[in-house]
Amino acid sequence: MTITPVLTKRWNLERSWELTTYERTDGYRALAKALRKHPDELIQLVKDSGLRGRGGAGFPTGMKWGFIPQNDGKPHYLVVNADEGEPGTCRDLPLMMADPHSLIEGIIIASFAVRANFAAIYIRGEAVHALRRLQYAAVEAREKGYLGKNILGSGFDLDLVVHSGAGAYICGEETALLDSLEGYRGQPRLKPPFPATHGLYASPTVVNNVGTLATVPHIVLNGPEWHKDLIANEASAKSPGTSIYSLSGRIKRPGQYEAPMGTTLRTLLELAGGMREGHTLKFWTPGGSSTPMFTDAHLDVPLDFDSVAAAGSMNGTSAVMIFDDSDCVVRCVMKWIEFYHHESCGKCTPCREGNYWMAQVLQRLEGGQGTEEDLQTLLDTCDNILGRSFCALGDGATSPVMSSMKYFRDEYIQHVRDGKCPFGNARVMAGAH
Amino acid sequence: MKTQNADTLDWYEPEFRSEITGKAAEIIARYPEGKSRSALLPMLHLTQAYEGYVSASGIAFCAETLGLTKAEVAAVATFYTMYKRRPTGEYLVSVCTNTMCGVLGGDEIYAALKEQLGVGHDETTPDGKITLEHAECLAACDYAPVVTVNYEYFDQQDTESGLKLAQDLIDGKRPQPTRGAPLCSFKEMSMQIAGFLDPRPEARAADAVGEPTLAGLHQKKGKRPVTSSKAEPPMVLTEPALDKKPAGDTKMPGKGEK
């Protein structure tokens, strides 16, 4: 069992996004089942399933729900992080476009479990077609009594708002997202206190990723043991479930491949038809640009949270960007750092200034005007960002720099010695930024 | 149409004024009571739906409606990339030049469009039709390189198709995006982003599933037959968009064949 459609199982159906299609394929059956349980039972069920957050950090979902204080007299909130924007990451948008009701059903069940009566989907502003899908799905769900007052006669009420962002990668950071949702600049908050006690409007709040919540109805219907068995590799036992691996780049068939956690790049490459003709794998990211890059030495690393961490990177969002022997690693890292520089919110000095300077040093290196000293300057700058910035954006920016320097230092030096990019990229680069 | 005085709402002509005030009230009502500031981001999109950018008057309108200072609103408006500070063209053309799209051809597409349109990043053609920008990751890496027009996807582009796309827009045509709904104007799109339902049935019905989205499923089940299992005939985009411009009247080269 390699391709294992759970989250993707409806994507190929006719008018997959409509309520009638969803209901015909088990849709909202999990909700009816969940509403007959005690909320605490649902939290325990999700804990037992071993589900870990799909937004990148892999935090145990049931434990997060369990952190919400009960009987505290405050309103509780559920906020969905649909601000997909990590370079390489492209699985939440297809899910929301093809199967929006699976997310909405997960939201209702999660809200019931943590006793939230107001939920918000914070979707990135550019995702207009996914936005349409969610808005129409919410209308359909409300008309059918899945949202609103006294859902399915249970006495449980839930309002859902679909809220568009306005173009800021930092809002994928959960506390920046909350500030943005409250109408402020999207800048991260100091933690603690954590959103579990002081989240949206300073009240207890769960922030979950799209894929995490869309998995919940399947766990409610099929049970925690079913979910725990969804692994490709014994080493992945602590990261059960499927992951939608998003393959992009220099391969024959880029796309979305849903497989059990722990699937290796070697297997994924076979599914995707391999590298494009006449080229070989050079470097790849296991989970987006903020996760240290791997090389062809890592083809057999089980892609789950713990195994990837043990191999020196992060599973992140399973955003597998694949580059081959025609790609210049310095150019790629330069473009990623230009991204972090653009998206740094400016709140903390290490990230704001560090990325500003790193972008310039990398532009100089790629343009053939760098020195060997620049390499040390980059590593020193990373030292001043990593662990010293306010949130994970700064830490993430150091990943491509440090990992590329680790595996491809010679290529940086070649740029310096030759006084130009060995891949002849100078002309193209001048056009872009 | 506008006065230069940003301190008043006179800029909003009477027929707009009641309309925009009503829409702002609808936005505020979406959020819990007493939490009206949450309406600020959608309201800034709303002002763009009327003006095509966030003007000083738009900032004043948001501030007055939500009981904030103009400085507080401006601080938010200037933080986010999608709030434009100058009038935006009818079409916002965004070329992804982040790493994956960039190395697969996005950089070349962007350079070619700059030359063709004679504008740089965040600049608009003199006729007010097209605003060009290079964008950060648009979350469609499996379709790289991607270009969006008013945030609708044109997938797997190259320099030739990118130039054709821009030329069609210059010529007043509305090419059909590779996935998703037919194009509408930047202002109409801003209204949707402010949270108001897209009224076009063809937008609601538009499929958004391309080959990369189904790549894994096709490995599992064998490829979907070319004739497609879908019972419905392919959608013919003959309905005009809201502003009566023809929608989807131009196919992308090589992208329209099934």
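Q: Why does Ala139(B) count as buried?
A: In this predicted model, Ala139(B) has a relative accessibility of 3%. Buried means under 20%, so Ala139(B) counts as buried.

Q: Where does Ala139(B) lie, and what is its phi?
A: Ala139(B) belongs to the loop between β3 and β4 of chain B. Its phi is near 60 degrees, which is positive although the residue is not a glycine.

Q: Which peptide bond to Pro145(B) is cis, and where is Pro145(B) found?
A: The bond coming from Ala144(B) is cis, with omega near -5 degrees. Pro145(B) is in the loop between β3 (130-135) and β4 (147-149) of chain B.

Q: What makes Tyr28(A) buried?
A: The relative accessible area of Tyr28(A) is 4%. The limit for buried is under 20%, so Tyr28(A) is buried. Tyr28(A) sits in the loop between α1 (19-24) and α2 (29-35) of chain A, and its phi is positive, near 65 degrees.

Q: Why is Phe59(A) called partly exposed?
A: Phe59(A) has 37% relative accessibility. Partly exposed covers what falls between buried, under 20%, and exposed, over 50%, so Phe59(A) is partly exposed. Its place is the loop between α3 (39-49) and α4 (61-66) of chain A.

Q: What makes the nonpolar surface patch of about 280 Å²?
A: Phe59(A), Met63(A) and Phe67(A) make this patch. Residues in a patch need over 30% relative accessible area, and Phe59(A) has 37%.

Q: How do you know that α6(A) is largely enclosed by the rest of the structure?
A: Of the 15 residues of α6(A), 15 are buried, so the helix is largely enclosed. Helix α6 of chain A runs over residues 100-114 and reaches 21 Å from its first C-alpha to its last, close to the 21 Å expected. After α6(A) comes Arg115(A), with a positive phi near 60 degrees.

Q: How many aromatic pairs does a search of the whole structure find?
A: The search finds 16 aromatic pairs over all chains.

Q: What makes the aromatic pair of Trp284(A) and Phe294(A) edge-to-face?
A: The two ring centres are 5.3 Å apart, with 65 degrees between the planes. Centres must lie within 6.5 Å for a pair, and planes over 60 degrees apart count as edge-to-face, so this pair is edge-to-face. The pair links distant parts of the chain, with Trp284(A) in strand β7 (residues 281-285) and Phe294(A) in strand β8 (residues 294-295) of chain A. Trp284(A) is buried at 0% relative accessible area, and Phe294(A) is buried at 0% too.

Q: Why is the pair of Phe323(A) and Trp336(A) edge-to-face?
A: Their planes stand at 90 degrees and their centres are 5.8 Å apart. Since edge-to-face needs over 60 degrees, the pair is edge-to-face. Phe323(A) is in strand β9 (residues 319-324) of chain A and Trp336(A) in helix α14 (residues 329-343) of chain A, 13 residues apart. Ring pairs also link Phe323(A) and Trp336(A) with Phe283(A) and Phe408(A) into a cluster.

Q: How do you know that Lys282(A) lies over the face of Phe408(A)?
A: Lys282(A) is at 5.6 Å from the ring centre. The distance limit is within 6 Å, so Lys282(A) meets it. In chain B, the charged end of Arg30(B) sits over the ring of Phe196(B), 5.1 Å from its centre.

Note on methods. Residues are numbered from 1 along each chain as its sequence is written. Chains are lettered from A and ligands numbered from 1 in the order in which they are written. This is a predicted model: local features need pLDDT of at least 70, side-chain atom pairs count only at pLDDT 80 or more; totals for chains, interfaces and linings use all residues. Side-chain values use heavy atoms; hydrogens and water are left out. Patches are made of residues with over 30% relative accessible area and no salt bridge: like charges are joined within 9 Å, nonpolar side chains (Val, Leu, Ile, Met, Phe, Trp, Tyr) within 5 Å. Accessible areas come from the Shrake-Rupley method with a 1.4 Å probe; for residues, only the protein chains shown count as cover. A salt bridge is a side-chain nitrogen of Lys or Arg within 4 Å of a carboxyl oxygen of Asp or Glu. Helices (H or I, at least four residues) and strands (E, at least two) are DSSP runs, numbered from the N terminus. Buried means under 20% relative accessible area, exposed over 50%, partly exposed in between (1.4 Å probe, protein chains only). The expected span of a helix is 1.5 Å times one less than its number of residues. Rings of Phe, Tyr and Trp (its six-membered ring) pair if their centres lie within 6.5 Å; planes under 30 degrees apart count as stacked, over 60 as edge-to-face and the rest as tilted. A charge sits over a ring if NZ of Lys or CZ of Arg is within 6 Å of the ring centre and within 35 degrees of the ring normal.
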